[in-house]
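Please view the sequence and the structure below, then read the notes by topic.

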Amino acid sequence: MKVYPQTVHFVGLNAPIGEEYDIGDLAIEGSIPSDVDGVFFRAVPDPAHPPKFDDDNLLSHDGMISAVRLQGGRASTSMRYVKTARYLAEQKAGRARFGRYRNPFTDDDDVKGIDRTVANTTPVWHAGRLLMTKEDGRPYRIDPETLETLGSYDFGGKLKSETVTAHVRIDPQTGELFFFGYEADGVASTKIAYMIADKDGTLIKEQWFDAPYCAMMHDFTITENYALFPIYPTTSDLERLKQGGDHWIHEMERDSWLGVMPRYGDVSEVRWFKGPKGVSCYHMMGAFEDAEGRIHFDQCLSNVNAFPFIREASGIHMQPWEVQGALTRWTVDPKGEATEVAETIVGPPGDFPVIPAAMQGRPYDHGWMLTMNPEMKGPPVFGGPVGAMFNMLLRLDFKGAPPQALPLAPGMSFNEPVHVPSSEAGHEGWLVTIVDTQTGENDFTHACWIIDAGNVGAGPVAKIAIPHRLRPQVHGWWVPSSQLANAAA
Ligand SMILES: [Fe+2]
């Protein structure tokens, strides 16, 4: 029997499940809109073995790839481990052999040198290829039909960076994939690799440059003409890692930065704009240029790192309610004199921001995100790496209309939605998301909800029951059936 630590990362909604399965003919309540024909791929961390060290956290758990297939009015689901080199090495031994979160110096001697990424963060679809990503390593390619792992993916041997982040940006007009890796040549390095793959997935450019310091760089953005690299002061240190310490410490007295470069330019053109000290962010809603050439960069910013385990490692003792944030816009003029960002609040606190893929890098007048219902009586569902699951979906309108909200009942929680465009002119499309319902101390049920993206307050138009326990998802990706038919060989 596998015995896991009884910490927040392994109990309740976070309790390990570790089962691969295929379930067909899921019960559908309501009707699936005809626009929603495709597969919702989801990244779900789930440890195959109890960890080597009890202070293990959810971000370090083995990646599983889940598919929720909504095709031809029918629904099915599957779950598979990503068969990473690390997963295979641990399966062979029947126990954990890799040590602390992103600290290779704590691994068993005989696995040193084996790729230690768990590929647990985002399923990325580009040019007919499905990749499972995590920012500490290269992606793994997955067969979108069978969910079997096809191996570590290095863009046909062209990629030099040792890492690729889980947040990429695809230009809706050119179909190019813009992406980056940090700690590109090893843990605690300041090297950032910036890559572009063309619409066919061929890596056409890789350039390296230095960050102001080694920071956790989870996400980035593009505009029509620029690539934007935010730096928040969650930092690493090689000596600390060598001593078996934490990969990340958050430094409240250190500046944040926004690196701005022409997206097809040379990395020598990166201009660093200074931001506030001590702030943190995991996800950006998007970025765009205005008529005056200024760049607006919208992010789910908080006053400290949102992960309790990183705050604890940093000696930052804050109550949950002291962690505050907002959808925050940083504006910079890439050709202007100012050397600091100008900050404006444009939305509420929350995370998992979504805009239509067609608006990537362009001005957008609406978007969606998850937040906590401020009027909720009682605690949120406990789960995920932060310790609390979001319980309200918002549609934000940047033209001045009031926000739309879909609050859940107590004991229910949202995972990050994906947006599915509509073929009907003027229709904002659909959001597809997994909703958890707590039915007992350690009992949960789950369903996939389809929500009218332009009328979220109306609630789901369809609910598809998922008759299996699910752990919290990190990120998902929607792939329409028409694109799946063109999967690369
Ligand atoms: Fe993320």
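Glu183 is found in the loop that runs between β11 (177-182) and β12 (191-197). The model described here is predicted.

**Residues with a positive phi**

- Most residues other than glycine have a negative phi.
- Glu183, although not a glycine, has a positive phi of about 50°.
- With a relative accessible area of 5%, Glu183 is buried, because buried means under 20%.
- Ala119 is likewise not a glycine, and its phi is positive at about 45°.
- The loop that holds Ala119 lies between α1 (85-93) and β6.
- Ala119 has 0% relative accessibility and therefore counts as buried.

**The second largest pocket**

- The space in the second largest pocket amounts to about 1,200 Å³.
- This pocket is lined by 39 residues, of which Ile170, Ala357, Gln360, Trp477 and Trp478 are the closest to its centre.
- Two or more lining residues come from each of these elements: β6 (122-126), β10 (169-170), β20 (280-289), β24 (351-354), β29 (418-420) and β33 (476-480).
- Sorted by class, the lining of the second largest pocket comprises 22 nonpolar, 12 polar and five charged residues.

Technical notes. Residues are numbered from 1 along each chain as its sequence is written. This is a predicted model: local features need pLDDT of at least 70, side-chain atom pairs count only at pLDDT 80 or more; totals for chains, interfaces and linings use all residues. Side-chain values use heavy atoms; hydrogens and water are left out. On a 1 Å grid over the protein atoms alone, a cavity is a set of points where a 1.4 Å probe fits but cannot get out, and a pocket is an open set with protein on both sides within 12 Å along at least five of seven lines; lining residues have an atom within 4 Å of a point. Grid points are joined across faces, edges and corners, and a volume is the space filled by probe spheres set on the points. Helices (H or I, at least four residues) and strands (E, at least two) are DSSP runs, numbered from the N terminus. Ala, Val, Leu, Ile, Met, Phe, Trp, Tyr, Cys and Pro count as nonpolar, Asp, Glu, Lys and Arg as charged, and the others, Gly among them, as polar. Buried means under 20% relative accessible area, exposed over 50%, partly exposed in between (1.4 Å probe, protein chains only).
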